[in-house]
Amino acid sequence: MTTWFDSPADAAKRLHDSGYLADTATATTAYLAGALEKPLLVEGPAGVGKTELAKAVARATGAELVRLQCYEGLDEARALYEWNYKKQLLRIQAAGDQSWEQTHDDIFTEEFLLTRPLLTAIRREEQTVLLVDEVDKTDVEVEGLLLEVLSDFQVTIPEMGTVSAVRRPFVVLTSNATRELSEAVKRRCLFLHLDYPDAAREKEIVVSQVPGVADRLAAELVETVARLRELELKKAPSIAESVDWARTLVALEVDDLDEEAVGATLGVVLKHASDQDKALAALRGHQAGARRR
Ligand SMILES: Nc1ncnc2c1ncn2[C@@H]1O[C@H](COP(=O)(O)OP(=O)(O)OP(=O)(O)O)[C@@H](O)[C@H]1O
Ligand SMILES: [Mg+2]
């Protein structure tokens, strides 16, 4: 019996109840990741709900979220564990005429160990979701560190031995695909490609997250955002931006997304001047076309 989700439908429902609207593929993959105890690699553009999925799994299952945020230069000491050198030095100084062997045995123990997210997640006895966020931002070498955790759910500390998971965490890795991950990592994971949702789902997300947004305005907004995503922009608007846009319009008490409203609020959605120019021209063209029809 899995302790995560009972079925794809159960995953969909519980994710929904904790504020995450998953499509069938997402709910099914989340269920499988739990049932098969396999790490889940979620790939896709910025702001489509990759990180949020891990958080939602934690909320839906009452697990605690342990997060490893990846970045260039992330190393073992930040990802796995590190020895507390200062404390070790103090202990050595205080050792007096104790033999080196004895001191050595004393300073490589739990008391001197600083655990980092991967080791923390492996050692927790309670339900844990381990989020390895933006794994494509790290150097390839870090993937080597991940492999032991992903395939054997264990971490080897040379001075102490191997620490195996008492209870396997639900592992979610996210990637923006800025570089290809190694085949070794991919092979150990279930893969989910997340993309921008269809208009109906995005509208549902907006309506569920923005109290007071009128149905018609949400529909209009989602349609406009979809049109913006078709343009060649430096940075296409994500779901997060749709939600922010709806919040902005509600705050301004705007109930129709006309040219004036778009012009005044486009900065919430597009963060490059050239993108804004392009968008305004395209939307103006569209509205003129609509009027002619
Ligand atoms: N399926 C969904 N249901 C509810 N909210 C969603 C969903 N997908 C995305 N969101 C909303 O979009 C926001 C952005 O999502 P998230 O931070 O997970 O994006 P991301 O894919 O991790 O992006 P990045 O690559 O930039 O880190 C979330 O805070 C959430 O409000
Ligand atoms: Mg993210």
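Guide: Here you go, and bear in mind that this is a predicted model. Let's begin with the ligand: domain 1 (8-74 + 116-193) and domain 3 (199-292) both give residues to the shell around ligand 1, so ligand 1 lies between them.

Visitor: Which residues come nearest to ligand 1?

Guide: The shell has 18 residues, and A46, G49, K50, T51 and E52 come nearest. As for elements, α3 (50-61), α10 (199-209) and α12 (239-251) each give two or more residues to that shell. By class, the shell around ligand 1 splits into nine nonpolar, seven polar and two charged residues.

Visitor: And where does the remaining domain come in?

Guide: The domain assignment puts domain 2 at 81-113, with the two pieces of domain 1 being 8-74 and 116-193. Between the C-alpha centres of domain 1 and domain 2 there are 34 Å.

Visitor: Why is α1 called roughly perpendicular to α2?

Guide: Look at the crossing first: the axes of α1 (residues 8-17) and α2 (residues 24-36) come within 8 Å and cross at roughly 110°. The label covers 65 to 115 degrees, so α1 counts as roughly perpendicular to α2.

Visitor: What makes up the contact of α1 with α2?

Guide: From α1 you have P8, A11, A12 and L15, which meet A27, T28, A30 and Y31 of α2. Seven of the residues in this contact are nonpolar, one is polar and none is charged.

Visitor: How do you know that β1 and β9 pair?

Guide: Pairing takes at least two bridges. Strand β1 (residues 40-43) and β9 have four, in the parallel sense, so against that cut-off they pair. One of the bridges links L41 to F191 in β9.

Visitor: What makes β2 and β9 the edge strands?

Guide: The open sheet has five strands in the order β2-β5-β8-β1-β9, with parallel pairing. Both β2 (64-69) and β9 (190-193) pair on one side only. Neighbouring strands in this sheet are turned by 20° against each other on average, direction ignored.

Visitor: Which strands does α2 lie across?

Guide: α2 lies across β1, β8 (170-175) and β9, and runs at about 160° to β9.

Methods
Residues are numbered from 1 along each chain as its sequence is written. Chains are lettered from A and ligands numbered from 1 in the order in which they are written. This is a predicted model: local features need pLDDT of at least 70, side-chain atom pairs count only at pLDDT 80 or more; totals for chains, interfaces and linings use all residues. Domain bounds come from an automatic or database domain assignment. A residue is near a molecule or strand if its C-beta atom, placed from the backbone, lies within 6 Å of it. Ala, Val, Leu, Ile, Met, Phe, Trp, Tyr, Cys and Pro count as nonpolar, Asp, Glu, Lys and Arg as charged, and the others, Gly among them, as polar. Axes are lines fitted to C-alpha atoms, for helices over the stretch in contact, and angles run from 0 to 180 degrees between N-to-C directions. Angles under 35 degrees count as roughly parallel, over 145 as roughly antiparallel, 65 to 115 as roughly perpendicular and the rest as oblique. Two residues are in contact if their C-beta atoms, placed from the backbone, lie within 7 Å.
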